[in-house]
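Here is a short briefing on pockets, cores and selected residues. Please read it alongside the model.

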Amino acid sequence: MTAASSSDPGLFGPDSITWRIHSDPSMMVGGLRALLVQALNSRAMAAVAQHSNYREEPWERLMRTGRYIVQTTFGDSPTAQAAAARVRTIHKHVTGVDDFSGAPYRADDPDLLLWIHCVEVHSFMTGYRVYGRGLKDDEIDRYVHEMVRAAELVGLHGDEVPATYGDLCDYLEGQELIASPAARDGMRFILYPPVPWPGGRYPKFPGSRI
């Protein structure tokens, strides 16, 4: 990866809110939150369940996602564009039918791309506000606005993407969330990863219904 520089600051640049948030350890919390919420769109979850090897290679998949965020955030413009081109190419081949709803899906469907984008932005921002250094109201709007560029990378038109925190919340509040069987399975995998615990048993968390 070629890092952003003064001659080519990439998509955002060192003075952006995006650099501040995406360089903070709270991104891990925000990323896990994003995965849990994104699973509640049954078509999006079907695409993951039917085309992903997240069960067999969870760390590899996590590393690929993290690498993409690093390249598009901190890389120069060619690095960001190349990373996005690879993702768009993969998306063209991810198609199928959601077993839960019976609806077809395409990974490059603008509706699904927008869902994934909006949940990520809200989750990364929420993780930073709670576990990072916090954000002022104007910085929240700046982050949402800056991240429109990230949405454009995967094929969305900028004028179709929420550019303020209010618009982002309105979009998310208008979505129907459904915990399909595939979603429950994926969420269970995230919350109870197959990592050995002392004595070979997993801890039990009171109140969990997953």
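A pocket is an open set of points, on a 1 Å grid over the protein atoms alone, where a 1.4 Å probe fits, with protein on both sides within 12 Å along at least five of seven lines; lining residues have an atom within 4 Å of a point. Grid points are joined across faces, edges and corners, and a volume is the space filled by probe spheres set on the points. The second largest pocket holds about 200 Å³ of space.

This is a predicted model: local features need pLDDT of at least 70, side-chain atom pairs count only at pLDDT 80 or more, and totals for chains, interfaces and linings use all residues. Residues are numbered from 1 along each chain as its sequence is written, and side-chain values use heavy atoms, with hydrogens and water left out.

**Second largest pocket**
- Its lining includes Leu40, Asn41, Ser42, Arg43, Trp115, Tyr171 and Glu176.
- Helix H3 (42–51) and helix H6 (110–131) each give two or more residues to this lining; helices are DSSP runs (H or I, at least four residues) and strands likewise (E, at least two), numbered from the N terminus.
- H6 supplies the largest share, 4 residues.
- By class, the lining has 6 nonpolar, 3 polar and 3 charged residues. Ala, Val, Leu, Ile, Met, Phe, Trp, Tyr, Cys and Pro count as nonpolar, Asp, Glu, Lys and Arg as charged, and the others, Gly among them, as polar.

**Helix H3**
- Asn41 caps the N-terminal end of H3, with a side-chain oxygen 3.1 Å from the backbone nitrogen of Arg43.
- The buried residues of H3 (buried: under 20% relative accessible area, 1.4 Å probe, protein chains only) are Ser42, Arg43, Ala44, Met45, Ala46 and Ala47.
- They pack against helix H2 (27–38), strand S2 (104–106), H6 and helix H10 (181–191).

**Nonpolar cores**
- A nonpolar core is a set of buried Ala, Val, Leu, Ile, Met, Phe, Trp, Tyr and Cys residues joined through side-chain atoms within 4.5 Å.
- The largest has 43 residues, and Ile21, Met125, Leu135, Tyr143, Leu168 and Leu172 have the most contacts inside it.
- H6 gives the most to this core, with 10 residues.
- Another core of 8 residues lies apart from it, with Leu36, Met45, Tyr54 and Phe189 among them.

**Two contrasting residues**
- Thr18 sits in helix H1 (residues 17–22). Thr18 counts as buried because its relative accessibility is 0%.
- Lys92 belongs to helix H5 (residues 77–92). Lys92 counts as exposed (over 50%) because its relative accessibility is 60%.

Terms used. Contact = heavy atoms within 4.5 Å. Polar contact = N/O pair within 3.5 Å; in protein donor to acceptor, adjacent residues only side chain to side chain.
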